[in-house]
Amino acid sequence: MLEIISLILGPVETNSYLVADTQTNDAVVIDPAWDGQVIAAEAQHRGWRITAIWLTHAHFDHIAGAAGIAQQVRPAPPVALHPGDLPLWEAQGGAPFFGMRIDPGPRPSISLSHAQLLHLGAYTFEVRHAPGHTPGHVVFFCSGEKLVFCGDVIFMSGIGRTDLPGGSYKALMNSIQTQILTLPDDTRLLSGHGPETTVGQERLENPFLY
Ligand SMILES: [Zn+2]
Ligand SMILES: [Zn+2]
């Protein structure tokens, strides 16, 4: 079974997802927002081994927990990021812009690209490049389970902001049209902030898509 634990962490209430194949006990962390020790302890408590950290994008509120995970988990899990967000990662995810400092943790060693397939136990996730909120934003789509970890591309009744450095409203709308709204209506959307929704619900009700 694919089990998903959602943890709301950090100063802007970011959703971190601890995702595991409960047959193999392999787990990944998608967007370790903050408090890496808390995420690592959650995995340990369940007997899961964190084998990788997948980043939807490099904003500080999605990466600041990676350092804590790397301290707790041996061997330290590799970090996956699209190269388009590496400059943002190197700039502490923009934290200084908000008057903060963070330790971004281990340098990403898995370079994500569009259409790449990632494996978690028996489950396969497709990487879809969805720029606009940031240049190297990706979403992780599991067609077998009909779900997408969509980061800050789209939220329940909202879309990602595009006013930060590297943002593009035009690119974001194009990404939503081509990478999200092309999926079946019953596909679950697990966003970087706020509650879970579905492609069909946002297609009908999201006020930013008209
Ligand atoms: Zn963001
Ligand atoms: Zn965010």
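Trainee: What should I know about the numbering and the model before we start?
Mentor: Residues are numbered from 1 along each chain as its sequence is written, and chains are lettered from A and ligands numbered from 1 in the order written. The model is predicted, with local features needing pLDDT of at least 70, side-chain atom pairs counting only at pLDDT 80 or more, and totals for chains, interfaces and linings using all residues, while side-chain values use heavy atoms, leaving out hydrogens and water.

Trainee: Which residues are the protein donors of the zinc ion (ligand 1)?
Mentor: Donors are N, O and S atoms within 2.8 Å of the metal (3.2 Å for Na, K and Ca), and water is not among the atoms, so sites may look incomplete. Here they lie 2.1 to 2.4 Å from the zinc ion (ligand 1), and they are H57 (NE2), H59 (ND1), H133 (NE2) and D152 (OD).

Trainee: Why does the pair H57 and H133 tie together parts apart in sequence, and how many residues apart are they?
Mentor: Along the chain, the donors of the zinc ion (ligand 1) follow the spacing H-x1-H-x73-H-x18-D. H57 sits in the loop between β4 (49–54) and α2 (60–63), and H133 in the loop between β8 (123–129) and β9 (138–142), so the parts they tie together are apart in sequence by 76 residues. Strands (E, at least two residues) and helices (H or I, at least four) are DSSP runs, numbered from the N terminus.

Trainee: Is H57 buried or exposed?
Mentor: Buried means under 20% relative accessible area, exposed over 50%, and partly exposed in between (1.4 Å probe, protein chains only). H57 has 0% relative accessibility, so it counts as buried.

Trainee: Which backbone nitrogen lies 2.9 Å from a polar atom of the Q92 side chain?
Mentor: Q92 is in the loop between α4 (86–90) and β6 (110–111). Leaving aside residues up to four places away in sequence, Q92 touches F60, M100, R101 and I102, where contact means heavy atoms within 4.5 Å. The backbone nitrogen 2.9 Å from that polar side-chain atom belongs to I102.

Note on methods. A polar contact is a pair of N or O atoms within 3.5 Å; within protein, one must be able to donate a hydrogen and the other to accept it, and residues adjacent in sequence count only if both atoms are side-chain atoms.
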